[in-house]
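This report describes one protein model for a reader who is new to structural analysis. Please look at the sequence and the structure first, and then follow the text.

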Amino acid sequence: MLPFVLFAFTMCATPGPNNAMLTASGASFGVRRTLPHLAGIALGFSLMVLLVAAGLGEALRAAPAIQEVMRWVGALYLLFLAVQIARAEPATPDAPSGSKPLTILQAALFQWVNPKAWVIVMGAIATYGDPGQSALAQALGMFAVFLVVSWPASAIWVLLGAGVARLLRTRRQLRIFNWLMAALLILSLVPTLTE
């Protein structure tokens with residue numbers, strides 16, 4: 001169990017689309033306004049793990065065309081989000097922004113087109129799955145672990161963004177930071193689009 005918990009925490013804490021977006025959101029909107037986004041990632045990803053480990057993964061593996069469509073839809077959506085991050089006017093006390101952080105539902109649904117999420121789910125099942133245990137029992141166990149560890153692992157990035165925002169004193173500096181986060185989000189697509 002301990003190796004799986006460490007795997008889950010490490011996978012949730014390492015850079016990727018979710019964490020780039022959380023960092024940008026923490027910087028632009030602060031910790032409190034980013035909490036629904038964080039909750040959506042934790043709940044949506046954990047639910048994804050549950051459903052894929054319980055058998056949906058096998059159904060998707062048998063349909064390569066659906067996998068390909070999901071890959072490209074995910075890439076296009078990540079590009080869309082990168083543009084939104086780059087164009088976002090940072091909220092500052094003197095001039096609040098008209099943009100908003102992702103909602104719980106938006107962040108949860110994003111997991112299904114997030115390339116890193118799929119890599120983590122498939123890696124977890126392949127590496128830590130136990131053929132001697134029922135699929136449902138494994139799925140519930142993985143769901144519980146990811147639900148618990150994803151909160152603190154991802155919250156690190158929200159806090160990082162909020163901390164960076166305190167160092168960035170001008171709207172121009174915040175915009176440059178948003179452009180950097182958007183570029184990192186686009187770079188996270190490279191492994192997905194080059195395989």
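## Enclosed and open spaces

In this predicted model, about 130 Å³ of space lies in the largest cavity. Helix 1 (2-13), helix 2 (17-61), helix 5 (115-128) and helix 6 each give two or more residues to its lining. Helix 2 provides the largest share, 5 residues. The lining has 16 residues, and Met11, Cys12, Asn18, Lys116 and Ile120 lie nearest the centre of the cavity. The structure holds 1 cavity of 30 Å³ or more.

The spaces were found on a 1 Å grid over the protein atoms alone: a cavity is a set of points where a 1.4 Å probe fits but cannot get out, a pocket is an open set with protein on both sides within 12 Å along at least five of seven lines, and lining residues have an atom within 4 Å of a point. Grid points are joined across faces, edges and corners, and a volume is the space filled by probe spheres set on the points.

| Space | Volume | Lining |
|---|---|---|
| Largest cavity | about 130 Å³ | 16 residues |
| Second largest pocket | about 400 Å³ | 20 residues |

Among the residues that line the second largest pocket, Gln84, Ile85, Lys100, Pro101 and Leu102 lie nearest its centre. Helix 2 and helix 3 (64-87) each supply at least two residues of that lining.

The protein chain has 8 helices and 0 strands; helices (H or I, at least four residues) and strands (E, at least two) are DSSP runs, numbered from the N terminus. Of the 195 residues in the chain, 45% are buried.

Not counting residues up to four places away in sequence, serine 154 touches Cys12, Asn19, Leu22, Leu38 and Ile41, where contact means heavy atoms within 4.5 Å.

## Basis of the values

Residues are numbered from 1 along each chain as its sequence is written. In this predicted model, local features need pLDDT of at least 70, side-chain atom pairs count only at pLDDT 80 or more, and totals for chains, interfaces and linings use all residues, while side-chain values use heavy atoms, with hydrogens and water left out.

How values were computed
Buried means under 20% relative accessible area, exposed over 50%, partly exposed in between (1.4 Å probe, protein chains only).
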